[in-house]
Amino acid sequence: MKRVRGVRQRILVIEDERDIAELIRLHLGDLGFAVTISGDGNTGLRRASSGSWDLVILDLRLPGIDGLEICRRLR
C-alpha cells in the first residue's frame with residue numbers, strides 16, 4: 001500500500017478475537033495507520049459500507065455475517 005505524506009491511511013479490521021485485533025492495531029498504529037476495529041460481521045459490514053477505507057482486513061469466521069460474505073457484499 002502506497003503511503004501519502006501527511007495523510008493517515010485508514011484501515012478497518014474486522015476480527016472477533018480481541019487479542020488478535022489489538023495486536024494488529026498495535027503494529028499498524030506503529031507504522032502510522034489509523035486503525036478501527038469491529039468485533040463482529042454485522043457491525044463490520046455497516047462500518048465498511050459507511051466509511052472510506054484504504055484497506056479492510058477480514059477474519060473469515062465471524063459472528064453474524066462471515067468474512068467471505070462481507071467481501072462479496074462490499075465488492
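Predicted model: local features only at pLDDT ≥ 70, side-chain atom pairs only at ≥ 80, totals over all residues.
Biologist: Noted. And what is the bridge partner of Val13 in strand 2?
Modeller: For Val13, the partner in strand 2 is Ile37.

Biologist: How many bridges are there between strand 1 and strand 2, and in which sense do they pair?
Modeller: Five bridges link strand 1, residues 10-14, to strand 2, and the sense is parallel.

Biologist: What does the whole sheet look like, then? In which order do the strands come?
Modeller: The sheet is open and has three strands, in the order 2-1-3, with parallel pairing. Strand 2 (34-38) and strand 3 (55-58) are the edge strands, each pairing on one side only. On average, neighbouring strands are turned by 20° against each other, ignoring direction.

Biologist: Which strands does helix 1 touch?
Modeller: Helix 1 packs on the sheet and touches strand 1, strand 2 and strand 3. The direction of the helix makes about 170° with that of strand 2.

Biologist: Nice. Is strand 1 mostly covered or mostly open?
Modeller: Mostly covered: of the five residues in strand 1, four are buried.

Biologist: How far is His27 from Ser38 in space?
Modeller: His27 and Ser38 are 17 Å apart, C-alpha to C-alpha, with a sequence separation of eleven residues.

Biologist: And which residue with a positive phi follows helix 1?
Modeller: Gly32 does, with a phi near 95°. Gly32 sits in the loop between helix 1 and strand 2.

Biologist: Is Gly32 buried or partly exposed?
Modeller: Partly exposed, because its relative accessibility is 21% and buried would need a value under 20%. Gly32 is also 9.4 Å from Val7, C-alpha to C-alpha, although the two are 25 residues apart in sequence.

Biologist: Changing topic: where does Glu15 lie?
Modeller: Glu15 is in the loop between strand 1 and helix 1. Glu15 counts as buried because its relative accessibility is 10%, under the 20% limit.

Biologist: Which residues does Glu15 touch, leaving out those up to four places away in sequence?
Modeller: The contacts of Glu15 are Ile20, Ala21, Ile37, Ser38, Gly39, Asp59 and Leu62. Asp40 lies 6.7 Å from Glu15, C-alpha to C-alpha, and 25 residues away in sequence.

Biologist: And Gln9, buried or exposed?
Modeller: Gln9 counts as buried, at 8% relative accessibility. Gln9 is in the segment before strand 1, and its C-alpha is 20 Å from that of Gly39.

Conventions:
Residues numbered from 1 in each chain as written. Heavy atoms only, no water. Helix = DSSP H or I, 4+ residues; strand = E, 2+ residues; numbered from the N terminus. Pairing = 2+ DSSP bridges. Axes fitted to C-alpha atoms, helices over the stretch in contact; angles between N-to-C directions. Contact = heavy atoms within 4.5 Å. Buried < 20%, exposed > 50% of the residue type's maximum accessible area, 1.4 Å probe, protein only.
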